[in-house]
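The structure comes first, then the text.

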Amino acid sequence: MFGRLTIALATAVALGAAAIAGGTSQAAQAPALDYELFKTQVEPIFLKKRPGHSPCVVCHTGANNFLRLEPLAPGQTMWNEEQSRKQYESISKLVSPANRAESRLLIHPLAPEAGGDLFHSGGRQFESKDDPDYKILMQWAGVR
């Protein structure tokens, strides 16, 4: 009985180690998203007024949807460090390491004709993948 218990324990340890190693290798393959790029180039996109559309911040502040932006205090034109960090953590989850090009952050605001999904109540912020702001989102998400 002691021999079976030892084998079972050794097997469990080996499987656990393999799972940890597998998770580590997947994390190593998916580089972390660049916080400074997010703060300096991505966040301003959420504040930008696009022709025929409201800025993202209008609908995504305090909303109960997948993209949640921090409220700006009266007179505040950009998020503070704490707000930016919180948004970075939240919005990073919208980038799929397994298929970055199909991440919700990229597909949802893109026109269906350009490969976006069918519904975005705020309209299509990006008519094509050639939009300079969309290219910034792609760069930040790690899509080349």
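D133 and R50 are both buried, where buried means under 20% relative accessible area, exposed over 50%, and partly exposed in between (1.4 Å probe, protein chains only). For R50 the relative accessible area is 9%. D133 lies in helix α6 and R50 in the loop between α2 and α3, so this pair ties together parts that are 83 residues apart in sequence. Helices (H or I, at least four residues) and strands (E, at least two) are DSSP runs, numbered from the N terminus.

The model is predicted: local features need pLDDT of at least 70, side-chain atom pairs count only at pLDDT 80 or more, and totals for chains, interfaces and linings use all residues. Residues are numbered from 1 along each chain as its sequence is written, and side-chain values use heavy atoms, with hydrogens and water left out.

A salt bridge is a side-chain nitrogen of Lys or Arg within 4 Å of a carboxyl oxygen of Asp or Glu. The whole structure holds 6 salt bridges, including those in the table.

| Pair | N to O distance |
|---|---|
| K39 and E81 | 2.3 Å |
| R50 and D131 | 2.3 Å |
| D133 and R50 | 2.8 Å |

R50 and D131 link distant parts of the chain, 81 residues apart. D131 sits in the loop between α5 (104-107) and α6 (132-141), and D131 is buried at 17%. K48, R50, D131 and D133 are linked in a network of salt bridges.

K39 and E81 also form a salt bridge. K39 lies in helix α2 (residues 35-47) and E81 in helix α4 (residues 81-92), so the pair ties together parts that are 42 residues apart in sequence. K39 is partly exposed at 26%, and E81 is partly exposed at 35%.
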